[in-house]
Amino acid sequence: MPIYRERLVDHPFTATILNNLSNNHRDLGEFDHAENYARQALDIRLELLADHRDTIKSLFDLGMALKANGKFREAKGFLELCKTMQEKVVNDKTLVKKTEEELRDVNRLLEMEQLQGVAKVCALF
């Protein structure tokens, strides 16, 4: 990775490697690293590619890294951005369906988190 950073700086290939590293770390359960690499990849892709299929992938993968890291509200935001860009750029029903499924799951997790918080408050009384 240092060679890519040194020679290519912020390049779409660098973003692809960072995105792959993010997914690898997420699969290994190293969620903070996954989130960090996903953010770097997204930053590069937003700057260089703007509304593009690869940027959509970075939005989705960052959402998934945040979800895996228990940051459901933030994950929801990135997945919503992903869905909006998918509809604008690629209009691929399969991609949108997958994103919608993840959004439903994140919303379910947010509801569960909220209910657990209410239960803890009620337990205090």
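User: Hi! Before we start, what does "buried" mean here?
Analyst: Buried means under 20% relative accessible area, while exposed means over 50% and partly exposed lies in between. Keep in mind that this is a predicted model. So the cut-off to remember for a buried residue is under 20%.

User: Is Glu-102 buried, partly exposed or exposed?
Analyst: Let's apply that cut-off. The relative accessibility of Glu-102 is 15%. Buried residues are those under 20%, so Glu-102 counts as buried.

User: Which residue does the side chain of Glu-102 meet in a salt bridge?
Analyst: Look for the N to O distance of 2.6 Å at Glu-102. A salt bridge needs the nitrogen and the oxygen within 4 Å. The partner sits in helix 4 (residues 53-68), whereas Glu-102 is in helix 6 (residues 93-124), and the two are 35 residues apart.

User: Are Lys-83 and Glu-100 buried or exposed, or in between?
Analyst: Take them one at a time. Lys-83 has 23% relative accessibility, and Glu-100 has 27%. Values between 20% and 50% fall in the middle class, so Lys-83 counts as partly exposed and Glu-100 also counts as partly exposed.

User: What separates Asp-105 and Arg-108 along helix 6?
Analyst: The side chains of these two residues meet in a salt bridge, at 2.4 Å from N to O. Arg-108 is partly exposed, at 41% relative accessible area. Asp-105 and Arg-108 are 3 residues apart in helix 6, so their separation is about one helical turn.

User: How many salt bridges does the count come to?
Analyst: Beyond the pairs above, there is a network of salt bridges linking Glu-35, Arg-39, Lys-71 and Glu-74. For the model, the count comes to 11.

User: How many of the residues of helix 4 are buried?
Analyst: Helix 4 has 16 residues, and it reaches 23 Å from first to last C-alpha, close to the expected 22 Å. The buried residues include Ile-56, Leu-59, Phe-60, Leu-62 and Lys-67. Helix 4 is mostly covered, and its buried count is 12 of 16.

User: Is helix 2 roughly parallel or roughly antiparallel to helix 4?
Analyst: Start with the axes of helix 2 (residues 12-27) and helix 4, which come within 10 Å and cross at roughly 25°. Angles under 35 degrees belong to one class, and that makes helix 2 roughly parallel to helix 4.

User: Which residues in helix 2 meet helix 4?
Analyst: Helix 2 passes helix 4 in a left-handed crossing. On the helix 4 side, the residues involved include Lys-57, Asp-61 and Ala-65. From helix 2, they meet Asn-19, Ser-22, Asn-23 and Arg-26.

User: Which residue in the loop between helix 3 and helix 4 is Ala-50's own case of phi, and what is the value?
Analyst: Ala-50 is found in the loop between helix 3 (31-48) and helix 4. Ala-50 is partly exposed, at 38% relative accessible area. Its phi is positive although Ala-50 is a residue other than glycine, and the value is near 55°.

Technical notes
Residues are numbered from 1 along each chain as its sequence is written. This is a predicted model: local features need pLDDT of at least 70, side-chain atom pairs count only at pLDDT 80 or more; totals for chains, interfaces and linings use all residues. Side-chain values use heavy atoms; hydrogens and water are left out. Helices (H or I, at least four residues) and strands (E, at least two) are DSSP runs, numbered from the N terminus. Buried means under 20% relative accessible area, exposed over 50%, partly exposed in between (1.4 Å probe, protein chains only). The expected span of a helix is 1.5 Å times one less than its number of residues. Axes are lines fitted to C-alpha atoms, for helices over the stretch in contact, and angles run from 0 to 180 degrees between N-to-C directions. Angles under 35 degrees count as roughly parallel, over 145 as roughly antiparallel, 65 to 115 as roughly perpendicular and the rest as oblique. A crossing is left-handed if the near helix is turned anticlockwise from the far one by less than a right angle, and right-handed if clockwise. Contact means heavy atoms within 4.5 Å.
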